[in-house]
There are 4 protein chains.
Amino acid sequence: MTDDDYEAELARLQTALVDAQIWSQAEGKKVCIVFEGRDSAGKDGVIKRITEHLSVRQTRVMALPKPSDREKTQWWFQRYAAHLPAAGEWAIFNRSWYNRAGVEKVMGFSTPHEQEIFLRDVASFESMLADSDIVLIKFWLDISKDEQKERLDDRRSDPLKRLKVSPLDAVAQEKWDAYSAARDEMLRRSHHATGHWTCVKTDKKKKARLNTIRHVLHAIGCPDYTVSVETPDPEVVFSYDAVIEGKQALFK
Amino acid sequence: MTDDDYEAELARLQTALVDAQIWSQAEGKKVCIVFEGRDSAGKDGVIKRITEHLSVRQTRVMALPKPSDREKTQWWFQRYAAHLPAAGEWAIFNRSWYNRAGVEKVMGFSTPHEQEIFLRDVASFESMLADSDIVLIKFWLDISKDEQKERLDDRRSDPLKRLKVSPLDAVAQEKWDAYSAARDEMLRRSHHATGHWTCVKTDKKKKARLNTIRHVLHAIGCPDYTVSVETPDPEVVFSYDAVIEGKQALFK
Amino acid sequence: MTDDDYEAELARLQTALVDAQIWSQAEGKKVCIVFEGRDSAGKDGVIKRITEHLSVRQTRVMALPKPSDREKTQWWFQRYAAHLPAAGEWAIFNRSWYNRAGVEKVMGFSTPHEQEIFLRDVASFESMLADSDIVLIKFWLDISKDEQKERLDDRRSDPLKRLKVSPLDAVAQEKWDAYSAARDEMLRRSHHATGHWTCVKTDKKKKARLNTIRHVLHAIGCPDYTVSVETPDPEVVFSYDAVIEGKQALFK
Amino acid sequence: MTDDDYEAELARLQTALVDAQIWSQAEGKKVCIVFEGRDSAGKDGVIKRITEHLSVRQTRVMALPKPSDREKTQWWFQRYAAHLPAAGEWAIFNRSWYNRAGVEKVMGFSTPHEQEIFLRDVASFESMLADSDIVLIKFWLDISKDEQKERLDDRRSDPLKRLKVSPLDAVAQEKWDAYSAARDEMLRRSHHATGHWTCVKTDKKKKARLNTIRHVLHAIGCPDYTVSVETPDPEVVFSYDAVIEGKQALFK
């Protein structure tokens with residue numbers, strides 16, 4: 001795909017996102033999109049493309065800072081619940097309540113008991129959101145070990161990306177297998193009827209972004225897009241069901 | 001029971017509440033007490049006695065005003081979740097998320113679908129609180145129709161109680177049966193392993209208050225009360241289990 | 001004054017508070033009452049009497065716990081501003097933003113620079129509240145050294161008051177003069193046109209409470225109290241103006 | 001300036017923004033940037049360029065939705081105060097508390113009394129933020145009537161910009177003079193020692209963006225930028241002082 005083709009297709013799909021948000025405002029729909037994935041898997045980038053032409057007043061992107069000492073002792077979901085969407089709003093989480101099953105598990109930032117509790121409860125939490133007519137879309141952005149290495153290396157040498165470099169990067173590759181194990185358990189245990197995981201292969205950024213947006217558009221389901229919205233490429237975007245069924249595999 | 005006996009026993013039990021809070025602060029325990037019941041069943045009164053000697057900084061009593069227009073469109077539990085206790089705190093709800101199954105149902109302030117969703121979800125919500133090590137104590141204060149009539153009549157003629165008089169009082173007696181039906185369904189469907197309902201007969205205020213505090217003390221379970229805490233009188237305070245088993249009955 | 005006289009007069013004044021709140025709800029008035037004073041000066045007690053018959057849904061008492069690590073770095077007034085009253089609400093602060101000029105100064109919990117900034121800014125902050133049609137009433141409850149000693153001693157021996165005992169009590173007497181100096185500077189610099197300080201002599205609890213309530217009632221100014229509200233006794237409740245003019249003196 | 005030159009210079013300045021944020025994190029600095037200006041003056045665009053490479057966790061962009069019914073009755077600044085930065089954070093307001101003096105005045109969304117109160121109080125509010133060590137940077141993005149017309153026309157015909165089209169656009173040109181008058185009064189009365197207004201001529205978008213970022217960088221004042229940060233072009237970015245002194249003029 002050339003850059004021009006990508007830009008043209010992106011603009012086409014962003015037009016459909018605009019349609020979807022106008023429609024969701026009119027209908028009072030609530031949309032909640034969760035982006036999870038390893039460091040450098042492309043969360044920031046795809047969120048930027050999704051929100052580029054959306055209403056700044058109806059769209060919120062949440063990348064919560066680390067909890068305060070008092071928040072650490074509260075109900076785990078409390079801090080996130082405060083940011084759930086009201087009628088007509090889209091709330092996008094750049095990392096989310098799933099921190100507990102990912103980085104916290106691998107790095108030991110919480111206890112195994114707390115992590116277990118999270119995995120036991122998360123489907124209940126999300127089912128309630130669904131019951132509250134929140135359209136919940138959960139993405140796992142899946143990157144390969146080599147591609148991650150390249151992106152992390154790039155960051156270190158790019159002065160524009162210095163804020164993306166964190167002490168945790170150092171261990172992303174080193175603890176690759178621990179992260180894989182955490183991911184597998186997390187996806188397996190939190191993939192449920194009202195909270196499906198959608199996996200996205202993100203080694204090819206542009207394809208990943210376009211197909212992720214296609215999935216969002218289908219999930220929201222505005223009846224009249226001004227452009228046609230193709231089904232996402234099933235090699236790039238697929239339900240975690242496909243992994244369970246052995247039709248797709250996540251990077252090891 | 002004479003007034004003096006009541007005051008002496010109340011002070012004794014309040015001493016134990018003080019012990020319990022000192023202990024729960026030291027241990028970082030979280031306590032959440034929910035008071036539900038018809039108008040005039042005694043919620044304000046018992047809360048006043050419970051909190052009388054507690055720490056004003058570690059104890060919060062929530063009697064949330066009606067939701068704003070924006071809050072009305074959010075996840076039902078969101079507004080309440082913001083007030084859940086952090087380590088060492090006691091949060092007391094004077095009416096709570098159960099509004100949806102009580103007054104809202106009887107008065108038609110929400111849709112039957114919303115009420116159904118609430119009853120379907122509330123056990124999940126509360127189980128998560130339990131999983132988060134919140135000690136959740138739920139009281140249904142049960143008053144008889146005659147006693148309610150008397151109390152509501154008293155309010156109308158007592159200038160000190162004018163703020164307790166509301167347009168809803170008028171229908172409390174009129175819609176007595178509808179409220180009973182709502183209560184029965186609510187208790188039946190939201191009495192669960194980690195969120196037991198404790199019923200309290202409140203026609204006799206003093207007995208009700210003392211026994212309610214006794215139940216709180218047993219539920220919190222501080223190991224060393226400076227006074228002995230008797231088991232609550234089973235004719236006054238009983239688990240909803242006893243109603244299910246036909247050993248106790250709520251007022252019709 | 002006998003106990004019976006006190007109770008009768010208290011009830012009479014509480015009736016007027018009920019009138020005032022009904023009126024302020026109807027008019028959408030906002031009321032904010034600040035209680036400051038040394039340990040054991042009677043803040044909890046008078047707040048309890050004021051709120052006893054008020055609407056639990058329209059009245060909020062704030063006794064904020066210590067700030068979280070993140071809150072500590074924010075704008076000093078931010079944490080308090082979140083609790084200011086909306087239309088029809090009464091917000092009562094049991095200690096308030098003035099902590100910075102009192103306990104924090106004496107105990108060194110913040111820097112002299114931060115304390116200076118507070119004293120410089122507080123009149124501006126409160127003037128804005130006044131401009132926003134918030135009725136702001138600020139009380140300094142003034143207790144003598146001997147009476148404080150007695151009350152703190154009582155607390156230590158009363159198991160019901162164990163939660164009121166704090167490590168800071170020990171220094172309340174010891175640093176009496178430092179607290180006096182902090183008080184004098186605080187009152188002098190934060191007594192301004194739209195944020196008058198009202199001083200209350202509280203060694204005699206009952207007189208203090210009754211007269212404090214009288215002052216609240218006059219300050220709110222409901223046009224039709226069902227009872228007559230006398231002017232507070234000028235020996236018990238007086239503007240800080242009287243101190244400036246040398247007509248009254250605070251305890252040394 | 002060619003597109004390539006623009007992109008290169010933008011990247012250079014964004015590198016300096018990254019430096020500035022790394023430094024402000026390390027130092028615990030708080031930064032608050034306010035963007036005001038007529039519809040289509042370029043607020044969204046410049047914010048996008050500023051935040052592009054900043055930390056998503058330390059940077060918050062606030063474009064608050066309209067207040068809820070309850071919020072409408074609160075202290076005007078309360079809703080905004082909740083989002084002020086903590087240590088190390090940058091808070092960027094896409095429209096701000098100045099709504100009261102702009103759109104609300106022109107459209108009659110609040111009373112002249114409320115608008116007057118705002119103009120009287122805003123300098124006090126901002127001085128307190130300065131006292132709290134918040135670096136406050138206020139931009140007025142100034143666009144010409146013709147350029148606005150063109151941009152608003154473009155929006156209407158561009159499906160990607162449909163969410164930017166609002167019923168208020170229709171009156172932006174029609175009430176141009178009323179908006180000019182509101183702007184003039186607002187700037188004149190809220191330009192003060194600790195809350196300078198910086199005006200930006202935005203008809204030429206690229207020049208405006210680059211120079212706005214240059215101003216931000218100088219205002220934050222990180223000691224060691226990896227690139228040299230030129231003084232903004234005084235024909236594009238200038239203090240409101242220059243308008244007062246007649247050296248610059250805003251669009252009529």
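## Salt bridges: the ground rule

A salt bridge here is a side-chain nitrogen of Lys or Arg within 4 Å of a carboxyl oxygen of Asp or Glu. In this predicted model, local features need pLDDT of at least 70 and side-chain atom pairs count only at pLDDT 80 or more, while totals for chains, interfaces and linings use all residues. Residues are numbered from 1 along each chain as its sequence is written, chains are lettered from A and ligands numbered from 1 in the order in which they are written, and side-chain values use heavy atoms, with hydrogens and water left out.

With that rule, a search of the whole structure gives 103 salt bridges over all chains. Let's look at some of them.

## A pair across chain D

Asp3(D) and Lys206(D) join their side chains in a salt bridge, with 2.4 Å from N to O. Asp3(D) belongs to helix α1 (residues 3-27) of chain D and Lys206(D) to helix α9 (residues 205-220) of chain D, so the pair ties together parts that are 203 residues apart in sequence. Helices (H or I, at least four residues) and strands (E, at least two) are DSSP runs, numbered from the N terminus.

How accessible are the two partners? Asp3(D) is partly exposed, at a relative accessible area of 47%, and Lys206(D) is partly exposed too, at 29%. For these classes, buried means under 20% relative accessible area, exposed over 50%, and partly exposed in between (1.4 Å probe, protein chains only).

## Buried pairs and a network

In chain C, Asp39(C) and Arg95(C) form a salt bridge with an N to O distance of 3.1 Å. This pair links distant parts of the chain, 56 residues apart: Asp39(C) sits in the loop between β1 (30-37) and α2 (43-51), and Arg95(C) in the loop between β3 (90-94) and α5 (103-107). Both residues are buried.

Glu147(B) and Arg151(B) are both buried. In chain A, a network of salt bridges links Glu9(A), Arg12(A), Arg214(A) and Glu230(A).

## The sheet in chain C

Chain C holds an open sheet of 6 strands in the order β2-β3-β1-β4-β5-β6, with mixed pairing; two strands pair if DSSP finds at least two bridges between them. At its edges are β2 (59-62) and β6 (237-239), each pairing on one side only.

Inside this order, β4 (residues 134-142) and β5 (residues 197-201) pair in the parallel sense over 5 bridges. Leu141(C) stands opposite Val200(C) in β5(C).
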